Amino acid sequence: MFVPKLYKSEDQQLMKEIIRENSFALLISSVDKIRATHSMMMLNEDYPENAYIETHISRANPQAKVLKNGDDVLCDFLGAHTYISSSWYDHINVSTWNYEAVQIYGKVELMSDDELYTHLEKLTSAYEKFQQCPMMVKDMGQEFVKKEMKGAFGIKVIPTETFIKQKLSQNRKENDFQNIISHLEQADDNARKIAEKMKLIKK
């Protein structure tokens, strides 16, 4: 991901927010060819100084058949994003796109069966706890879960490089910046979220 200095962020809380709110992300590898799989990802912070991404994909997935310990992968998270019309400027210019994104490059570490079981417990709990009648892993029975686990390929991604990008019209003069916010506030949820983020960077 190309991250000009103007749009680069070092905000670790922002990174965690983007990962948490956009956890269905892309796992990208190039062991034998370029491969990409959308998968549910979580940031494991049991040891904050050594935080890593954990995820799982289908064992039948061709990507699972080639990944091994030490392989390089990229976890790509796209946060809020929206179109910015050039008609909102007070001068002729090009239209663009505002967005937030996180990319984490890292090394693969394959999960043990116990680690995969714990991962599935945490992942299920994170989403089931909001259901009217939550179905947790412990409610499914260990025998059933372990049988289903045979079809899952658990991966830990140990970060080597992390990039956080906030492209929020920082290059626009104040009048255009405020006009963009006004238009975004009248659009969809993603646009309104970008408008709120734009207000925050001006504080």
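Tutor: In this predicted model, α6 passes α7 in a left-handed crossing; left-handed applies if the near helix is turned anticlockwise from the far one by less than a right angle, and clockwise is right-handed. Helices here are DSSP runs of H or I with at least four residues, strands are runs of E with at least two, and both are numbered from the N terminus. Helix α6 covers residues 174–184 and helix α7 residues 189–201; they pack at an angle of about 150°, with their axes 8 Å apart. That angle makes α6 roughly antiparallel to α7, since angles over 145 degrees count as roughly antiparallel, under 35 as roughly parallel, 65 to 115 as roughly perpendicular and the rest as oblique. Axes are lines fitted to C-alpha atoms, for helices over the stretch in contact, and angles run from 0 to 180 degrees between N-to-C directions.

On the α6 side the contact (heavy atoms within 4.5 Å) is made by F177, I180, I181 and L184, and on the α7 side by A191, R192, I194, A195, M198, K199 and I201. These residues divide into 9 nonpolar, no polar and 2 charged. Ala, Val, Leu, Ile, Met, Phe, Trp, Tyr, Cys and Pro count as nonpolar, Asp, Glu, Lys and Arg as charged, and the others, Gly among them, as polar.

Another helix pair is α3 with α5 (residues 142–149), whose axes come within 11 Å and cross at roughly 110°. α3 and α5 are therefore roughly perpendicular to each other. Here D113, L116, Y117 and L120 in α3 meet Q142, V145, K146 and M149 in α5. By class, that contact has 5 nonpolar, 1 polar and 2 charged residues.

α3 (113–128) also supplies at least two residues to the lining of the largest pocket, as do α1 (12–21) and β3 (35–44). The lining comprises K16, I19, R20, S23, M41, M42, L43, E45, A126, Y127 and F130, with 7 nonpolar, 1 polar and 3 charged residues.

For the chain as a whole, there are 7 helices and 7 strands, and along the sequence the pattern reads β-α-β-β-β-α-β-β-α-α-α-β-α-α. The C-alpha atoms fill a box of roughly 65 × 45 × 30 Å along the principal axes.

Residues are numbered from 1 along each chain as its sequence is written, and side-chain values use heavy atoms, with hydrogens and water left out. As the model is predicted, local features need pLDDT of at least 70 and side-chain atom pairs count only at pLDDT 80 or more, while totals for chains, interfaces and linings use all residues.

Technical notes:
1 Å grid on protein atoms, 1.4 Å probe; cavity = no way out; pocket = protein on both sides within 12 Å on 5 of 7 lines; lining within 4 Å.
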